[in-house]
Amino acid sequence: MESDWMAQGSCNEHPPEVFFPNDGVGVLRAQRICNACPVQADCLAYALSERIDHGVWGGASERSRRRMLKKARAAATLA
């Protein structure tokens, strides 16, 4: 269940706005928190599967998740 891993996230120790920054410095701050998180991989997988457009999830910014999805679509097209 989603909430099982979500309850273990390091993000719970910080205000939500930390993970919805409006500048690059804010993204880096959120990524540092994510990098030490025990459920980082689950969080990133969730954000990618749900196509979440905003915020830092699993240590990945909005832009980096868009690149990951684009790369995955291209690989699927070639397969």
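**Exercise 1. Find the helix that holds Val27, then list what Val27 touches beyond its sequence neighbours**.

Start with the helix: Val27 sits in α2, residues 24-35. (Helices are DSSP runs of H or I with at least four residues, numbered from the N terminus.) The model you're looking at is predicted, so local features need pLDDT of at least 70 and side-chain atom pairs pLDDT 80 or more, while totals for chains, interfaces and linings use all residues. Residues are numbered from 1 along each chain as its sequence is written, and side-chain values use heavy atoms, leaving out hydrogens and water.

Next, skip residues up to four places away in sequence: Val27 then touches Pro21, Val56 and Ser61. (Contact means heavy atoms within 4.5 Å.)

**Exercise 2. Work out how the buried residues of α4 are arranged**.

Step one: α4 covers residues 62-78, and its 17 residues reach 25 Å from first C-alpha to last.

Step two: pick out the buried ones, Ser64, Arg65 and Leu69. (Buried is under 20% relative accessible area, exposed over 50%, partly exposed in between, with a 1.4 Å probe and protein chains only.)

Step three: these residues cover an arc of only 140 degrees around the axis, so they lie on the same side of α4. (The arc is taken from the directions from the helix axis to the C-beta atoms.)

Conventions:
Helix = DSSP H or I, 4+ residues; strand = E, 2+ residues; numbered from the N terminus. Expected span 1.5 Å × (residues − 1).
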